[in-house]
Amino acid sequence: MEFRLLGPVQIWMEGQQVELKRRQERLLLAVLLLESGKAVPADRLIELLWPEELPGSPKRALQVYVSRLRAVLATGDSKLVSSPHGYAVDAPSGRTDVELFAALVEQAKPLGDLEQRHKLLTDALALWRGPALADVASEDVRRRLCAGLDESRWAAQELRLTTELALGRHREVLPELAELTAEQPTRESLAATRMLALYRSGRQTEALAAYADLVRHLSDELGVEPGQKLRDLQVAILRQDESLDFREAESGPRELPADIGVLMGRDDVLAELTGVLQQRSGPPAVVCLYGAAGTGKSATAVRLGHTLAAEFPDGQLFARLQDINGEPVPPHLLLGRLLRSLGIESVPESLEERAALLRSTVAGKAVLLVLDDAADAGQLRPLLPADSRCAVVVTSRRPLLGLEDAVHQEITALDDATSAELLAALSGRPAEELQEIVDYCVGLPLALRIVGSRLSLIREDVADVVRSLADETSRLDYLVAGDRAVRASLDLTLRTAGETARRLFGYLALIGADEFSAWVAAPLLDLDEQPARGILNELVALGLVQPRRISPPTYGLHALVRARAVEELSTVTDRETVEVRYLQAVLRLLAIAGEAIGQILTKRLELDAGRGRPLVETDLAAAAGADWLELEAPVIAAAVELASERPWLAAALALRLADHLMLRDHRELRQHVLAVADAAVTGADAGPDLEVEVLRRRFAALAQANAPTEFLREIGQRVLNAAERTGDPDQQAAALAQLAYLAEEVADYEGAIAAAEQILALTEACQDPAGAEGRALDHLSAGLAGLDRLPEAIEARRRLRGVSAPGTRLHAIRLVLFAEVLASGPDQGAEHLSELEQVVAEAAEIVDRLGDELGRAHVDIGEGRVSMLRGDLTSARHLFDHAAEVFAERPDQWGDVQLRSARAWLAVRGGDRAEGCRLLAEGIAAMTGSGYLPGSQELRRQLGLAQSGT
């Protein structure tokens with residue numbers, strides 16, 4: 001039962017309006033709904049229902065209306081209740097258009113996506129069919145009841161109109177604004193919106209006239225003047241302030257690092273290259289900034305990117321082409337990162353396919369790529385777009401021979417005057433006092449920045465700095481030994497750092513990730529977060545740690561600086577203690593996040609949950625679960641590698657992280673961390689239980705990635721061998737389940753059933769008999785369905801539903817598979833429609849709660865089948881289309897099979913059996929071509945059913 005108050009008061013149930021004949025009944029309902037959650041006294045109700053003249057017996061009259069309304073509500077899922085305090089309507093939340101309006105507006109307010117915000121606000125305002133309670137109350141009563149609602153409506157109107165302005169639709173909204181300001185001539189916010197729309201439409205005079213009208217109305221009607229904000233707008237219009245001009249809203253990724261505050265000596269280079277990159281004809285413009293280490297290539301490239309950002313509204317991508325060890329990152333991995341930044345979650349495997357996908361993704365768009373520290377042209381070439389609207393800025397230590405069309409620009413050392421000016425700006429000292437220091441820095445901005453930070457931070461005497469630099473081993477030598485000279489300069493900077501900061505500098509080499517958050521300093525130093533952050537900021541001030549992202553803030557080490565940090569780490573005597581403390585802290589935070597997600601799949605093995613001092617801020621952030629893990633996954637993955645000599649730690653980190661990576665479908669990283677854990681536990685004295693758990697999870701990750709069957713068979717046999725060494729029937733049952741999966745993959749359904757029966761035979765001996773039985777029933781049902789023994793397969797799934805742990809992702813997967821079996825017979829599930837609907841609804845609740853997009857696609861197919869059986873083919877088609885969009889980004893072989901089958905039967909249900917058969921035949925060809933036997937076999941079975949006409 002639904003209630004509509006935003007206009008004439010109405011009740012709707014199952015698509016039909018429920019009649020309430022008397023005005024007082026409708027007003028009574030409206031008052032009780034507007035006072036939702038509390039009892040309304042009878043005296044107040046009487047006052048509102050009869051504001052002018054009371055009936056002879058008002059309380060008796062009220063009771064009559066209450067009785068009538070109670071009878072109407074009893075036909076639905078709401079009821080009218082009475083208490084000593086008055087009357088109330090008990091209705092499920094979200095059943096009034098008032099609640100829906102408020103929810104849509106609240107959802108719209110924080111959105112940065114202007115189009116989505118506009119749509120939500122438009123949908124919210126469309127709920128209004130006139131003034132609230134339009135047909136039940138006098139205007140006086142209506143104002144008393146609905147003043148807040150009316151104000152909310154005006155506020156939503158204003159937000160929608162300002163959103164329209166932000167989208168550049170200033171001309172389109174002028175007629176509506178004229179009507180609204182005429183209706184509300186003293187509403188300043190509306191007047192401001194209209195003035196700005198007129199000004200942006202080139203009608204400055206009319207904008208100022210609108211201001212004059214507002215001033216007159218405010219004076220005549222209220223005796224006040226416009227507020228300061230409106231007066232400032234009038235002045236800005238008079239001055240034609242450029243801040244009032246419309247600017248396109250930004251869209252697409254914005255990955256450029258923060259620009260540095262002071263960049264000197266590069267104005268001519270920036271001006272020349274800006275002109276090159278603004279060209280929009282022929283091949284995309286490519287500029288290469290090359291030069292020795294420390295000359296400021298990266299800073300110049302980032303400044304160039306920020307300068308041109310507005311020219312590339314579809315995105316500015318940034319990538320470092322060398323890893324933290326100074327090794328070139330393979331183009332294959334770089335393309336994966338760039339594609340994901342552009343919103344492509346599932347990328348092809350081959351280099352050629354990834355490069356082609358990048359070119360097609362940015363085709364027709366204006367995208368800027370800033371690529372830092374390229375090794376050679378071969379690494380760069382696959383990353384280049386083909387569209388003339390795109391452009392590329394790349395840095396390298398040498399000219400990129402082989403990129404003949406690129407404009408090469410050498411970034412050289414600064415001259416003495418510019419160096420002195422830069423050092424003066426950085427240190428706050430007069431330039432004339434710094435000339436001797438400038439001579440030793442030989443124009444390298446990296447050295448100048450480091451020395452400038454030291455002078456600014458500790459206010460060291462210039463003469464002392466000169467004496468320190470006089471040693472030739474400390475000078476930066478641009479031409480001969482640039483890298484070695486930079487290292488010597490870093491040594492000088494480290495001497496100015498405090499003892500704790502210097503220790504942290506070396507410890508940071510343990511992190512292993514290109515970017516990290518500030519919290520890592522706390523476990524490294526065994527300090528609380530605030531003092532540890534202060535020590536990290538000292539390194540930032542010295543230029544040894546670079547800010548990477550602004551929000552959320554992350555940090556990193558330049559490759560040369562990190563090399564020096566590695567050297568510093570080699571001198572510490574407590575590395576073992578620090579390393580373990582850091583890994584335990586990472587594990588502890590990972591466990592907190594995992595508990596928040598509530599999807600820790602490891603049941604048989606008690607994993608270490610980490611230890612260490614609490615990190616109040618980060619503990620709270622980690623408790624957010626998936627969002628924190630998404631940001632920190634690279635740091636945690638690097639921790640898995642750091643722990644590779646400690647099998648239990650490596651396994652605990654990898655297994656806990658893999659839960660999140662599975663949920664978010666990060667397939668490559670999930671495979672990587674589990675491979676590292678496998679290498680760590682194999683051959684180590686960690687025990688077969690741990691080996692089984694790691695291998696099982698690695699098997700699952702590889703299976704999802706469609707790894708070769710032989711490789712899976714090898715892993716599966718290792719799982720079984722390790723499980724047998726444990727002597728644990730639970731582990732043996734889990735290993736047999738993976739062998740059953742392998743049998744299903746090659747359509748050996750008898751083999752799958754045999755493995756399932758072996759698991760069932762172990763059930764009574766298992767500590768977790770329900771878990772073992774669940775595995776057995778999973779594969780028993782799959783085997784029976786593969787042999788077309790559907791009634792038995794359905795019964796196995798019913799049994800499984802009773803033993804599976806509710807609310808988990810695994811349970812959702814099992815429910816989806818149950819729905820597929822129910823819908824795979826000749827009637828496509830019509831015989832089991834009620835059960836099918838319940839199963840799909842339960843799965844939907846789980847995947848939506850977990851934010852499981854891939855799971856939602858499978859549920860969409862199930863919901864589409866239900867809609868199809870109920871005759872709603874349009875809804876079914878929309879659901880299938882959404883599933884197809886997800887599978888396009890996150891390939892899923894069995895999901896593709898189910899989607900092809902569902903779409904074929906949709907055609908049959910729509911009266912086009914020939915089209916349905918054609919779609920099934922097309923699917924069979926695709927599955928056969930890919931060698932996916934279960935898929936081709938299932939589609940052949942469905943084709944037989946479709947052709948038989950049953």
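Two strands pair if DSSP finds at least two bridges between them. Helices (H or I, at least four residues) and strands (E, at least two) are themselves DSSP runs, numbered from the N terminus. With these terms in hand, the tour may begin.

**Before selecting anything**

The structure is a predicted model, in which local features need pLDDT of at least 70 and side-chain atom pairs count only at pLDDT 80 or more, while totals for chains, interfaces and linings use all residues. Residues are numbered from 1 along each chain as its sequence is written, and side-chain values use heavy atoms, with hydrogens and water left out.

**The whole chain**

Display the chain as a cartoon. Its secondary structure comes to 42 helices and 12 strands, and its C-alpha atoms fill a box of roughly 105 × 90 × 60 Å along the principal axes. Of the 950 residues, 51% are buried; here buried means under 20% relative accessible area, exposed means over 50%, and partly exposed lies in between (1.4 Å probe, protein chains only).

Select strand S4 (residues 79-83) and strand S5 (residues 86-90), which pair in the antiparallel sense over five bridges. A hairpin of two residues joins S4 to S5. Within this pair, Ser82 stands opposite Tyr87 in S5.

**Second stop: the sheet S1-S2-S3**

Three strands form an open sheet in the order S1-S2-S3, with antiparallel pairing. Strand S1 (2-4) and strand S3 (16-18) are the edge strands, each pairing on one side only. Neighbouring strands of this sheet are turned by 35 degrees against each other on average, direction ignored; the axes are lines fitted to C-alpha atoms, for helices over the stretch in contact, and angles run from 0 to 180 degrees between N-to-C directions. Strand S2 (residues 10-13) is joined to S3 by three bridges, and Ile11 stands opposite Val18 in S3.

Select residues 285-290. Is this strand buried or exposed? Six of the six residues of strand S6 are buried, so it is largely enclosed by the rest of the structure. In a regular strand the side chains alternate between the two faces of the sheet. In S6 both faces are covered: Ala285, Val287 and Leu289 are buried on one side, and Val286, Cys288 and Tyr290 on the other.

S6 pairs with strand S9 (residues 391-396) in the parallel sense over six bridges, and the bridge partner of Cys288 in S9 is Val394. Four bridges join S6 to strand S10 (residues 407-410), and these two also run parallel. In S10, Gln409 is the bridge partner of Leu289.

Select helix H13 (residues 331-341), where His332 has its place. Which residues of H13 are buried? They are Pro331, Leu334, Leu335, Gly336, Leu338 and Leu339. These buried residues pack against strand S7 (316-320), helix H14 (351-362), strand S8 (368-374) and helix H15 (377-380). Just after H13, Gly343 takes a positive phi of about 95 degrees.

His332 counts as partly exposed because its relative accessibility is 24%. Not counting residues up to four places away in sequence, His332 touches Glu349, Ser350, Leu351 and Arg354. A polar atom of the His332 side chain lies 2.6 Å from the backbone oxygen of Glu349.

**Last stop: the nonpolar cores**

A nonpolar core is a set of buried Ala, Val, Leu, Ile, Met, Phe, Trp, Tyr and Cys residues joined through side-chain atoms within 4.5 Å. Select Leu504, Leu508, Trp519, Leu524, Tyr582 and Leu653, which touch the most other members of the largest core, of 105 residues. Centre the view on Trp519, whose contacts beyond four places in sequence include Tyr582, Val586, Leu615 and Trp628. Another core, of 50 residues, lies apart from the largest one, with Leu20, Tyr65, Tyr87 and Leu133 among its members.

Notes. Contact means heavy atoms within 4.5 Å. A polar contact is a pair of N or O atoms within 3.5 Å; within protein, one must be able to donate a hydrogen and the other to accept it, and residues adjacent in sequence count only if both atoms are side-chain atoms.
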